[in-house]
Amino acid sequence: STSSLSAAKDGVKADVPRPRRRRIKSATLEQQPRRRRLSPPFPNGLCGGSLVVLPPEQTYGYNEEDNAYLTAASSGDATSILLPPRPISVWLPPSYEASGRKRHRVIYVHDGQNAINDTDSWTGSSWRMAGALTRLAERGALDTGYDDVDPLPILVLLPSADGDFVPGMRRRHLEYGEGIHGEHHADFIAEKLLPLINDRFRTVTEPEGAMAIGTSMGGQASLHLLLRHPTMFGGAACLSPAFQPATIASVATSGDLLKSKRLYLDNGGDDDNANVRVPMFDLFDHITPKAQWNPGYFWLDSQLQPAIDAMRATLDFNKISYEYRKFPGGRHNEREWWKRIDLPLVHLLGNEKMSGRYGR
């Protein structure tokens, strides 16, 4: 005030009130999301992201309205016979529009209908990948180390095929297996879908920017894709994988292809060392809005253990680096996989320090 200033000039100590301390939030802190808990169950749904649906005419060369392929060549090639055309959804993370020119890594998700939304999953429970990814990003667990690469990836949700190829032969098992269907499936992703994704979206186009993930037969398909196209993909995560003999043999003979890749394996099942058995019945497998008939597949992870052990022995023999986790008592279904979906995501997408020490 004027009186206070006059008193100060005359050598008299002015009675100036002490300034009040204000809590000032920095712009950096305001931009940071609230740190929510990092443990399952993760949030269901898109979690602030968005879905872009690619119609079959853009991927398979098939027009759904006309019920016909766009070209004669498309209608006569093996892919049109072995792989039924279907829409493919792409999850764009919440940061995609806000990140400006930043690029995003891409994960190709087998059984993509089970990955994000409970209502889309065949058992009524999804892996909740979007929820896990957004929570991991909040904690800095997906830091890329590059200023022009956003931590959150794009997810290409590959829906599995419905029905039988011939009576008794499930199309999904054939596409995700090791025969001619599996070869065409892997080639379709690498040679048709991946170039389309890279052309349409801001992606990391180097091999380390493309990865695959899957459960059960989808885990087998993810490793098969990596082995068949190692110059185009940088890693694979295989949860409760149903490894096939030919895939194990390919690792034995071509293991060098995996030495620079990120590889994650896990499974549940019985564990003699921990004296744990998978219970035959779990009520929560049967109280979802659909698929109350789901048996929970309590036996399957134990049944798949010998092939997983063979794969691990082959990887060890070839001195291939990988992460393996065992979950004693774990069942073979989506509700079990969403309990640990964050772990393979950190292995595929986390920086080396975070990938090595992350736990919950």
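Visitor: What are the ground rules for the values?
Guide: Residues are numbered from 1 along each chain as its sequence is written, and side-chain values use heavy atoms, with hydrogens and water left out. In this predicted model, local features need pLDDT of at least 70 and side-chain atom pairs count only at pLDDT 80 or more, while totals for chains, interfaces and linings use all residues.

Visitor: Why is the pair Glu206 and Arg103 called a salt bridge?
Guide: A salt bridge is a side-chain nitrogen of Lys or Arg within 4 Å of a carboxyl oxygen of Asp or Glu. The closest N and O atoms of Glu206 and Arg103 are 3.3 Å apart, so the pair meets the definition.

Visitor: What makes Glu206 and Arg103 partly exposed?
Guide: Buried means under 20% relative accessible area, exposed over 50%, and partly exposed in between (1.4 Å probe, protein chains only). Glu206 has 34% and Arg103 has 23%, so both fall in between.

Visitor: What makes Arg331 and Asp285 a salt bridge, and which residues join them in a network?
Guide: Their closest N and O atoms are 2.8 Å apart, so this pair also qualifies. Salt bridges with shared partners join Asp282, Asp285, Arg331 and Arg335 into one network.
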